[in-house]
Structures are given as structure tokens and as C-alpha cells.
Amino acid sequence: MANLILILGDQLSHQLSALEGADKDNDRVVMAEVHDEASYTNHHKKKLIYIFSAMRHFARELKQEGWHVHYQRYHPDNPEKSLEAVVSKLAAEYKPERLITTECGEWRLHSQISQWHEHLGIPVEIRPDTRFACRKQEFADWAKGRKQLRMEFFYREMRKKTGLLMTPEGKPEGGQWNFDSDNRKKWSGKPPAPAPFRVEPDSVTREVIQLVEEYFPDHFGTSEDFHFAVTADQAQAALEHFIDFALPCFGDYQDALSDHEDWLFHSILSPYLNTGLLDPTDVCQAVAQAWYSGRAPLNAVEGFIRQIIGWREFVRGIYWLLMPGYAKENRLNNQRSLPWFYWTGETKMRCMHKAIDATARNAYAHHIQRLMVTGNFALLAGIHPEEICDWYLAVYIDAFDWVELPNTLGMVMHADGGYLGSKPYAASGKYIQRMSDHCQNCHYRVQDATGEKACPFNALYWHFIDRHRDDFANNPRMAMMYRNWDKQPDERRRAILSRGEWLLANLEEL
């Protein structure tokens with residue numbers, strides 16, 4: 001036998017670098033559902049179902065193509081509870097020349113695999129992940145010598161490299177790089193939001209649902225109404241559904257929040273991109289073609305592509321540039337524990353309840369719910385970054401460490417001192433009122449900053465601004481906030497700060 005080829009649960013691509021040049025007759029592919037990976041955090045039930053089912057479908061496809069596949073299904077009594085234990089057993093049994101794998105997306109696992117050669121007694125070849133537009137070293141070279149890293153400038157480089165939405169003369173289509181200012185409309189119910197793409201669970205998925213309910217009964221969320229794609233063909237159909245029914249309105253309403261709709265016009269493609277069922281470049285090209293053929297406006301197409309080759313690639317670059325120390329950043333010295341209602345949704349704050357409830361049901365919430373509702377509250381309340389990062393990693397179906405950690409620690413919590421984002425994404429209740437219809441159904445009054453019925457976001461916002469003056473007063477993008485705060489009468493400022501102190505001392509009661 002020649003080689004063992006290890007494929008992880010987020011590497012479900014037939015074009016994976018680990019499979020390049022492999023010998024179907026002699027090499028053996030290894031895939032495993034193991035206790036250590038399934039249980040190191042409180043993974044949402046739907047996340048476990050999705051990954052296990054997608055892995056099983058992918059392994060079946062490989063077998064149909066003639067590959068020899070060793071696949072370990074999850075069982076709590078399996079003696080091999082880690083990936084290393086599975087590989088070690090097979091290495092002893094088959095005596096391969098080497099283990100080949102594609103670099104993984106998590107520092108924790110990457111550091112383990114990098115040491116396996118010492119324990120396995122065979123070479124371990126870790127190949128680059130070619131599913132991204134920007135290699136790790138390429139990003140490090142771009143970042144070298146820059147005082148600040150800004151996604152916008154990196155994004156322009158990726159546009160030029162990929163040719164996406166570029167004219168033959170090398171200019172951005174539409175005469176500008178970024179149409180974000182056109183993408184901030186509040187949704188009033190019209191045009192109607194399309195029904196989300198659905199795949200009814202087949203026998204493989206139904207078996208996995210039963211497994212998760214039996215062995216992970218106390219994990220967050222519900223397994224009911226699982227309808228995600230679990231194969232590349234199904235994910236491609238999900239892409240086509242998005243382009244046909246949601247992309248035309250995605251740009252206008254991508255920042256909108258709704259009291260009545262979970263999905264709005266979002267693509268819900270991130271789980272498939274992050275596990276390999278869809279290729280990001282192919283997805284961006286298909287979306288770009290929708291503009292060229294007149295099926296979607298430029299602000300929608302550019303806004304979507306920016307999320308993929310802009311933010312997605314940018315945060316991955318930062319992750320690998322700064323790990324492992326990045327995970328411990330806490331520049332604002334936040335120390336409070338995550339309120340329990342993040343796990344239950346039991347809060348009188350309507351926006352928080354709706355976002356957490358949708359998360360529990362769907363293992364999904366869109367980026368504004370994550371950034372400007374649950375994330376904004378954690379920032380204003382001074383939650384310890386590690387606790388909110390662990391929550392995001394656990395509860396979302398698309399959350400993998402390389403993409404979740406920088407987005408949460410850097411963008412949401414500003415815990416890296418502004419390395420990822422130039423200003424904290426802090427906002428009062430006015431932002432949520434402007435972008436949603438939550439406030440009209442809320443227990444609290446968004447127009448008030450003080451009093452028992454005052455929206456907690458308001459006093460918490462000004463308390464945050466006040467207590468972090470030393471951190472942000474010299475930030476040009478925050479100057480107006482401090483001018484507005486300083487203009488307030490002393491009595492009003494004292495009342496707001498008093499309300500803020502009470503809120504911080506009573507987070508569990510909100």
C-alpha cells in the first residue's frame with residue numbers, strides 16, 4: 001500500500017489537494033466521525049447532522065468512483081476517539097509510505113497534525129488548501145510592512161487577481177469598487193422574501209439525525225426540520241436557487257432585520273463554501289454572470305462577491321498570520337460571563353430573542369444579526385471574548401475556527417485593538433430600529449435611554465463609549481460620538497451611566 005489520505009469534515013471537495021496524483025488502486029482514503037471533534041464544543045445539533053451527513057455522502061461518492069475508503073461512523077464506544085487514534089491504528093495495520101492531508105482550518109488541529117509524524121513513525125505531508133483565492137504566504141507578503149490591514153484594499157487586490165467584476169481595461173465594473181452604501185435598506189415586507197432552498201433528508205441523513213438525537217441530546221438547538229444540502233449537486237442547486245430568487249434583492253436588503261422572516265434574501269451558501277461542497281471562485285463567477293446577463297443588479301452582485309473574496313479571504317489571512325496568540329486577545333479587558341439567555345433566547349429584548357431563537361431553530365443567523373445584535377450586545381456588555389467566540393463557534397452551521405474567530409474576536413468584539421477593523425461595531429438601539437421592525441414589538445422603548453422600560457442597548461452604548469474613552473477618543477471615526485456625548489447635560493449623562501451600571505449588574509434579568 002502506498003499512502004493514507006486523510007480528508008476532514010470541512011474538506012469535502014473532489015478537487016482537494018490531498019487527492020491530487022493519488023493512486024486509487026493502492027492509496028486509502030481515511031474519513032472519521034470522532035468524539036474529540038464532535039464534542040470539543042457544544043455544537044448545534046444541525047451542525048453535527050450536516051457535517052456527518054455530508055461526510056457520509058462524500059465518502060459514498062468516493063467509493064463509487066473507485067476509491068478505497070476507510071470510514072469510521074460515530075459511536076460513543078468507538079475505541080478511537082481522536083483523528084490521530086484512527087490514523088495511528090490504520091498506519092499500524094497497513095504500513096503506508098506516508099500520510100497525506102490538506103492543511104486544516106483550525107490552529108488546534110493543525111498543531112496536532114504537525115506533530116503526528118513523531119507518533120506515527122511515517123512522514124506526514126500537509127498540502128496547501130487550494131480552495132482559496134489567496135494562499136497563506138501570499139497574504140503574509142501583502143500584510144508585511146503595513147501599519148494597518150484594511151479589507152477594502154485587500155479586496156481590490158483579490159478583484160484584480162481573480163478578474164471578478166473587472167473591465168478589460170482593468171477597472172472595476174460600474175466605476176467603483178464597493179457599493180456598500182447602496183445596501184442598507186430597511187425591509188417592509190415587500191418585495192416578498194423567497195422561500196429558502198430545501199432538501200428533504202434522505203435515508204443517510206435520517207440515520208444521522210437519529211444518531212445525533214441519541215448521542216448528543218443535550219447539545220444546543222433542534223434537529224427538527226433539517227433541510228440543508230448535503231452533497232455538491234444539492235449545494236449547486238442551492239446556488240442556482242439563490243441566483244434565481246434572492247440575489248436580485250440581496251444587495252438592497254442584506255443589512256435588514258425582520259421580525260417575521262429568518263432568511264430574507266441571504267444566500268445560505270456559507271456552510272457549503274466552508275465544507276467544500278461549493279468552490280468559492282465558481283460561486284463568485286456564477287453570481288457575476290447574473291449581472292452580465294441582466295438577472296441581478298450590480299450592488300447585489302458586488303456586495304455578495306465582496307463577502308466571499310473580500311471578508312472571507314481577509315479573515316482567513318489574519319487568522320493564520322496571528323495565531324495562536326490571536327485567540328487570547330482581549331485589548332478592552334472584558335471579563336463578564338456570557339448571559340445564559342444566549343443559550344435559551346429567554347430575554348425581553350425582542351431583537352436578541354429573535355436572533356437567538358432563529359439560531360436555535362436553524363443553526364443560522366445572517367451577518368447583521370450576528371454583528372449588530374448578538375455581537376453588539378456582547379461588545380457593549382463587556383463579555384469576555386473567549387466566551388462569545390466559543391458561542392459563535394458552537395451554534396452556527398457555517399462556523400469553523402479560521403472564519404469564526406477573527407470575525408468575532410476582531411470585528412464583533414474589537415478585542416484585537418483594531419487590527420481587523422478600524423472602529424468598534426458598537427451601536428445603540430437606534431440602529432436596530434432603523435434596520436428592523438423588532439422595536440415596535442419589544443418590551444422596551446427604543447426611544448428611551450433611562451427608566452425601567454428603556455432599551456438596554458441605549459444606556460449600554462453610552463456606558464461603553466464613556467468607559468472606553470482612553471481607547472477610542474483619538475480614533476477619527478469615533479470623534480463625533482464623543483462630541484455628542486460630551487454635549488449632553490451632566491445630569492443626563494449621570495442618569496444614563498447609572499442605568500448602564502444597573503444593566504451590567506443585572507444582565508440575566510433583561
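A: Happy to. This is a predicted model, where local features need pLDDT of at least 70 and side-chain atom pairs count only at pLDDT 80 or more, while totals for chains, interfaces and linings use all residues. Residues are numbered from 1 along each chain as its sequence is written, and side-chain values use heavy atoms, without hydrogens and water.

Q: How many cavities of 30 Å³ or more does the structure hold?

A: Rolling a probe the size of a water molecule over the atoms shows where empty space is left. Here there are 6 cavities of 30 Å³ or more (a cavity is a set of points on a 1 Å grid over the protein atoms alone where a 1.4 Å probe fits but cannot get out; lining residues have an atom within 4 Å of a point). The largest cavity has about 410 Å³ of space (the volume filled by probe spheres set on the points). It is lined by 27 residues, and Gly9, Asp10, Glu37, Ile51 and Phe400 are the closest to its centre.

Q: Which helix gives the most to the lining of the largest cavity?

A: That is α2, with 5 residues (helices are DSSP runs of H or I, at least four residues, numbered from the N terminus). By class, the lining of the largest cavity has 17 nonpolar, 3 polar and 7 charged residues (Asp, Glu, Lys and Arg count as charged; Ala, Val, Leu, Ile, Met, Phe, Trp, Tyr, Cys and Pro as nonpolar; the others as polar).

Q: What about the second largest cavity?

A: The second largest cavity holds about 180 Å³ of space. Its lining divides into 12 nonpolar, 4 polar and no charged residues.

How values were computed:
1 Å grid on protein atoms, 1.4 Å probe; cavity = no way out; pocket = protein on both sides within 12 Å on 5 of 7 lines; lining within 4 Å. Helix = DSSP H or I, 4+ residues; strand = E, 2+ residues; numbered from the N terminus.
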